[in-house]
Amino acid sequence: MRENHPQKTTEDDNRSSSIPDLARAEIAESSTSKNRTGLSEPVPGSNQTENPSPFPDQVLENVLENVLHFLSSRKDRNAASLVCRSWYRAEALTRSDLFIGNCYAVSPRRATNRFSRIKSVTVKGKPRFADFDLMPVDWGAHFTPWVSSLAQAYPWLEKLHLKRMTVTDDNLAVIADSFAGFRELLLVCCEGFGTPGLAAIAAKCRLLRVLELVESVIEVEDDEEVDWVSCFPNEGQTHLESLAFDCVECPVNFEALEGLVARSPCLKKLRLNRSVSMAQLHRLMLRAPQLTHLGTGSFSANENVDQEPDYASAFAACRSLVCLSGFREIWPDYLPAIYPVCANLTSLNFSYADVNAEQLKSVICHCHNLQILWVLDSVCDDGLQAVAATCKDLRELRVFPVDAREETEGPVSEVGLVAISQGCRKLESILFFCQTMTNAAVIAMSKNCPDLVVFRLCIIGVYRPDAVTQEPMDEGFGAIVMNCKKLTRLAVSGLLTDRAFEYIGRYGKLIRTLSVAFAGDTDLGLKYVLEGCPNLKKLEIRDSPFGDGALLSGLHHYYNMRFLWMSSCKLTRQACQEVARALPGLVLEVINNNEDAVNDIEILYMYRSLDGPRDDAPENVTIMQ
Amino acid sequence: MENSMGRHETEMNFKATELRLGLPGVDEMEKVPSNYSVLRSNKRSSPETSEVESINKTNLNTSNTICHDQDNAPPSKAQVVGWPPIRSYRKNSLQQKKGEEVGMYVKVSMAGAPYLRKIDLKVYKSYSELLKALENMFKCTFGEYSEREGYNGSEFAPTYEDKDGDWMLVGDVPWEMFMSSCKRLRVMKGSEAKGLGCF
């Protein structure tokens, strides 16, 4: 039954009143009581003065909500909500997944006010460059204000995904206490909590299915460590489907872990930390042959075992295994144990395993179905050639450096890149660290792998030109944006002039994320990008000579972006002030290390916000007004 | 390592242990930017490649001399902050695995911050390097060190717990002694650190 609300005058008033006016209909918040058959009685004193029958409105509302339930894509939902007020309301009622791309772009209250039926929340905090220690330790992204609002608004919340947020043990305790039906916790690159928080989750979330800690910093003072694995219920079966704690530095109680795995028949994904030895891994695998994703822990032996168990059969028994990771302290002699599962693998993460080319080859030659491969550059160009020869279905490749220092030469180079481009034609995503590169190799990749969506090349030597021609790397990256028509994410490096950015601005029409370091000559470089890339959402720049003129050339676009990061560039406070004045919906955070340089900006972190500047900024952050 | 130890002892000169932020051998206190990003000042206007390469190398060498005058060890490259872009979690994990070069990881905490960091002491060759890194990590400044007054006047002071469980001011003992006795580090408020020091 519709409530009797006074009409609100809006721009919709101009609409012709002979058709049922959806815009004027006030949909009651508690529409669970609404008659879902679509029939309802005429409401006395109803808003509809011109068209007396509420019946078509009610039907349309119900139809609308039922239809909108099927919309899952965030983009589609956002578009639907802009159609008119009643679509806005219907969409708000039917949205179950809340995605907050920047925790400071909107206040928790605003979000919970708009959406009343949320079951799953994702919140992202710090910008990516915070991962590389470029931001003060206490910058922010505190989950506390969010957890209290969410606890109040969504007691039925099932899933929480947090990325780069500061989460405390107390926050985790609140989660454990507030959501009776809580099922899934995913913490990626978070910090601020330790084993006490994990213990609270383990103990109280009886319906927990997923607990995944990914590259989060979980370090506790030795005297504060808690045996969290023992806190899971000791009796009865659990609902656990995924347990990932490979980033937890402290050792776990193995007995408790083994008992837990034995009591978790639904467990499909298990990612162990480095404290779990090969022998212990073996025991766990025997308990859980149904695993599909396995993080192997240390993959080495702690002490000498008299009779080594048959590791290969344990692996062979896991017939559903498709994803392997871990290998944190790998003892290469144990590698043959995984041969039996290689043919089924779609994902292999060796990025913590210091294996050489021969060792990689022995494994890779079996991996015909591999789609995702993460390795260290210890495998050398030789290893990459082996990958190219076998992994015809490869979609994603990441090559990390063992040694992160600048050297004249490295173990992987343009040779490896070209080989991959020739062998893995379906490649969609690549992250490649190397010491040197050539334009020819990058151009080759642009032509051989037209499906590339993500191209991130990190030439560790800053300002390194083409190793053969000594030219800037402009042409290589130019070819990438020209030929890879689906490209949405790009990271550039090496010696680059404004020309590279001209290419990006001209051809990179789908680019959403761009990372720039030690590149460009003048403001023109940044201008090309800001004026040419309409889909740009995230722009992170460091140590590049872009200044005020360039910053001001993006005013037309900043409201469409999630954030802009510029550190160690040529910006001044005046320019930031100007932007802040011109675009009041932006928050400009200026972070300076050097108190002497009053005018020069060290770090500018700029983002749109519906609720103005935050109130939890630390001392070294100034917010431009 | 032995060379430097010998040098310290034979010099019997407090200047050798005096903590300064300037280039060793220079008398005035030069203010050195706390940000390691030495290449920041290299804002080029034209891409003369050969010029750039040599400027690049010069800058790196300049910063090396700040750190290595006292030791005769070959200069290692100055680390640009946050470059290459690899998460410290991954860097630390890999460092710890290296058999030959076992890192010396100590926890670093800061008064008021609810979490810890870990750093590898072996990466640093002197107090000035270490302090610069800490200053940058926690975005604070320690000011000038003097034996009598410690880090008097600055808001924060770096301290460490040694093998005996005593809390000392970073800089009180010769570098090598510090390296072998430091168990963990803590950035304390200046007022907290007043009582420390071995003199």
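Let's start with helix H9 of chain A, residues 278-287. Its buried residues are Met278(A), Leu281(A), His282(A), Leu284(A) and Met285(A). Buried means under 20% relative accessible area, exposed means over 50%, and partly exposed is in between, with a 1.4 Å probe and protein chains only. Look down the axis of H9(A): the buried residues fall within an arc of 170 degrees, so they line one face of the helix. The arc is taken from the directions that run from the helix axis to the C-beta atoms.

Helices (H or I, at least four residues) and strands (E, at least two) are DSSP runs, numbered from the N terminus. Contact, here and later, means heavy atoms within 4.5 Å.

A word on the model. It is predicted, so local features need pLDDT of at least 70 and side-chain atom pairs count only at pLDDT 80 or more, while totals for chains, interfaces and linings use all residues. Residues are numbered from 1 along each chain as its sequence is written, chains are lettered from A and ligands numbered from 1 in the order in which they are written, and side-chain values use heavy atoms, with hydrogens and water left out.

Next, helix H12 of chain A, residues 357-364. Ala357(A), Leu360(A), Val363(A) and Ile364(A) are buried there. Down the axis of H12(A), those residues fall within an arc of 130 degrees, so they line one face of the helix. They pack against helix H11 (339-342), strand E10 (347-349), strand E11 (372-376) and helix H13 (380-390) of chain A. Which residue caps the N-terminal end of H12(A)? Asn356(A) does, with a side-chain oxygen 3.2 Å from the backbone nitrogen of Glu358(A).

Now helix pairs. Two packed helices are described by the angle between their axes and the distance between the axes. Axes are lines fitted to C-alpha atoms, for helices over the stretch in contact, and angles run from 0 to 180 degrees between N-to-C directions.

Take H14 (residues 414-423) and H15 (residues 439-448) of chain A: the angle is about 10 degrees, and the axes are 9 Å apart. That makes H14(A) roughly parallel to H15(A). Under 35 degrees counts as roughly parallel, over 145 as roughly antiparallel, 65 to 115 as roughly perpendicular, and the rest as oblique. On the H14(A) side, the contact residues include Leu417(A), Val418(A) and Ile420(A). On the H15(A) side, they include Ala441(A), Val442(A) and Met445(A).

The second pair is H16 (residues 474-483) and H17 (residues 498-507) of chain A, at about 5 degrees with axes 8 Å apart. H16(A) and H17(A) are therefore roughly parallel to each other. Among the residues that meet are Val481(A) and Met482(A) in H16(A), and Tyr503(A) and Ile504(A) in H17(A). Glu502(A) is also found in H17. Glu502(A) is partly exposed, at 23% relative accessible area. From Glu502(A) to Val442(A) is 60 residues in sequence and 17 Å in space, C-alpha to C-alpha.

On to the loops. Lys126(A) sits between strand E2 (120-124) and helix H5 (144-153) of chain A. Is Lys126(A) buried or exposed? At 12% relative accessibility, Lys126(A) counts as buried. Its side chain makes a polar contact of 3.0 Å with the side chain of Glu191(A). A polar contact is a pair of N or O atoms within 3.5 Å; within protein, one must be able to donate a hydrogen and the other to accept it, and residues adjacent in sequence count only if both atoms are side-chain atoms. Beyond four places in sequence, the contacts of Lys126(A) include Trp139(A), Ala141(A) and Arg164(A).

Ala141(A) lies in that loop between E2 and H5 too. Ala141(A) has a phi near 60 degrees, positive in a residue other than glycine. At 0% relative accessibility, Ala141(A) counts as buried.

Phe518(A) also has a positive phi, about 50 degrees, and is not a glycine. Phe518(A) is in the loop between strand E16 (513-517) and helix H18 (523-532) of chain A.

Last, chain B. Trp83(B) and Pro84(B) are joined by a cis peptide bond, with omega about -5 degrees. Pro84(B) lies in the loop between helix H3 (49-68) and helix H4 (88-97) of chain B.
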